[in-house]
Amino acid sequence: MFPRNGAEEEEVLEELRRKTADDLTFDSGRILGSMCTHPHPLSVKIIEEFIDRNLGDPGLHVGSQRVEREAVDMLANLLGLERGYGHIVSGGTEANILAVRAFRNLSDAEKPELILPKSAHFSFIKAGEMLGVKLVWAELKEDYTVNVKDVEDKITDNTIGIVGIAGTTGLGVVDDIPALSDLALDYDLPLHIDAAFGGFVIPFAKALGYEIPDFDFRLKGVKSVTIDPHKMGMVPIPAGGIIFRERKYMDVISVLAPYLAGGRIWQATITGTRPGANALAVWAMIKHLGFEGYKEIVRKAMELSRWFAGELKKMPGVRLIREPVLNIVSFSTENLETVEGELKKRGWGISAHRGYIRIVIMPHVKREHLKGFLGDLKEILGVDVNGC
Ligand code: 0PR
């Protein structure tokens with residue numbers, strides 16, 4: 001009910017705390033199935049200080065707009081471009097929708113079709129439905145990467161573009177993007193890479209010596225990349241990223257906003273009014289952590305993932321779905337649904353999907369949390385704890 005009279009601030013805060021007391025928090029170490037994490041303290045400060053900036057009316061906040069452009073350029077740079085075109089958006093969903101929208105608007109296909117791996121995130125289902133683009137799902141190979149031959153077989157005159165994934169939602173697998181890029185160039189089609197998760201992992205993991213295929217603008221067929229700072233970028237929600245190789249992709253998705261307080265602009269994002277503070281937080285976190293800072297975060301997450309995968313492999317009744325590529329470890333058990341329910345009852349924030357449980361080793365996940373989880377899993381599976 002809408003209250004007639006207002007309550008005291010403290011009272012309101014107290015009530016909110018009570019109402020959300022059963023939320024799981026990242027710092028509890030209990031959230032093992034999320035791609036978000038506890039934001040870095042600097043980014044929290046930035047959100048507080050710049051909370052009123054609205055990048056939907058950039059003429060009012062010209063400094064913030066400049067900073068957003070710099071953030072986009074730094075992301076583009078991380079992805080192998082000197083200069084990129086794009087925005088800090090609400091998340092991977094908006095970024096993927098914008099890419100599909102750009103591909104559709106640039107194409108003259110009568111019945112637009114997009115070819116994407118069966119492992120693609122459900123945000124593409126939203127994109128397809130909203131944009132009237134038919135989704136053509138390409139098969140996966142045994143290693144869960146997309147079958148590039150099947151992608152080729154599915155190209156028609158109506159194909160508007162191809163999607164490759166650098167860090168799949170379920171398994172963190174990276175498609176053979178060099179092959180997809182060659183294919184896209186051969187058929188003169190744009191290739192979009194969904195690196196919503198992998199964008200803030202792969203460049204650093206590669207620098208650490210992990211063997212992961214190229215996935216970004218260094219490959220000429222790649223025309224757009226989704227890269228989300230609110231996943232491994234340590235920035236608070238909402239902060240997604242869409243980067244295009246060329247300006248024309250932005251031009252075809254921009255609409256005129258003629259009357260804004262700050263003057264008329266062409267707007268490419270789906271959201272109108274949108275948080276400037278989060279874009280500033282992206283800029284600030286990149287400046288503060290730098291390549292070496294992110295590399296260290298990724299080093300820990302990758303090492304812990306490999307340790308965790310090793311422990312799971314030792315546990316009877318558990319099947320690792322595949323060796324981890326990034327910092328995502330997925331496994332299956334007998335009676336998976338029951339095991340999932342039991343784990344949830346014990347307070348673990350996990351979910352089973354496509355026949356397995358996915359654990360995302362985000363920066364808030366520490367070895368002691370995983371040890372606790374493994375202990376519970378063993379008990380649930382009825383394994384003699386002392387026996388192994
Ligand atoms: N692309 C990929 C590869 C993704 O994994 C995701 C989200 C998206 C796009 C969409 O990103 P937004 O959710 O930012 O729009 N993947 C996670 C998932 O579906 C999102 C998530 C995050 C889910 C935190 C749960 C959670 O607690 O699993």
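1. A salt bridge is here a side-chain nitrogen of Lys or Arg within 4 Å of a carboxyl oxygen of Asp or Glu. Between domain 1 and domain 2 the count of such bridges is zero. The model under review is a predicted one.

2. The domain assignment divides the chain into domain 1, made of residues 24-39 and 291-381, and domain 2, residues 42-287. Their C-alpha centres are 27 Å apart. To the contact, domain 1 contributes 28 residues and domain 2 contributes 38 residues.

3. Together the two domains bury about 2,800 Å², and carbon and sulfur atoms account for 75% of this area. Although salt bridges are absent between domain 1 and domain 2, five residue pairs are in polar contact across the interface, with both residues at pLDDT 80 or more.

4. On the side of domain 1 that touches domain 2, the elements giving two or more residues are helix H10 (276-314), strand E11 (328-333) and strand E13 (356-360). Helix H10 supplies the largest share, ten residues. By class, this side of domain 1 holds 17 nonpolar, four polar and seven charged residues.

5. Which aromatic pair deserves a remark as stacked? The count of aromatic pairs comes to eight. One of them joins Phe-204 and Tyr-294, stacked with 5.5 Å from centre to centre and 25° between the planes. This pair links distant parts of the chain: Phe-204 belongs to helix H8 (residues 202-207) and Tyr-294 to helix H10, 90 residues apart.

Technical notes
Residues are numbered from 1 along each chain as its sequence is written. This is a predicted model: local features need pLDDT of at least 70, side-chain atom pairs count only at pLDDT 80 or more; totals for chains, interfaces and linings use all residues. Side-chain values use heavy atoms; hydrogens and water are left out. Domain bounds come from an automatic or database domain assignment. Contact means heavy atoms within 4.5 Å. Buried area is the accessible area (1.4 Å probe) that two parts lose on being put together, summed over both. A polar contact is a pair of N or O atoms within 3.5 Å; within protein, one must be able to donate a hydrogen and the other to accept it, and residues adjacent in sequence count only if both atoms are side-chain atoms. Helices (H or I, at least four residues) and strands (E, at least two) are DSSP runs, numbered from the N terminus. Ala, Val, Leu, Ile, Met, Phe, Trp, Tyr, Cys and Pro count as nonpolar, Asp, Glu, Lys and Arg as charged, and the others, Gly among them, as polar. Rings of Phe, Tyr and Trp (its six-membered ring) pair if their centres lie within 6.5 Å; planes under 30 degrees apart count as stacked, over 60 as edge-to-face and the rest as tilted.
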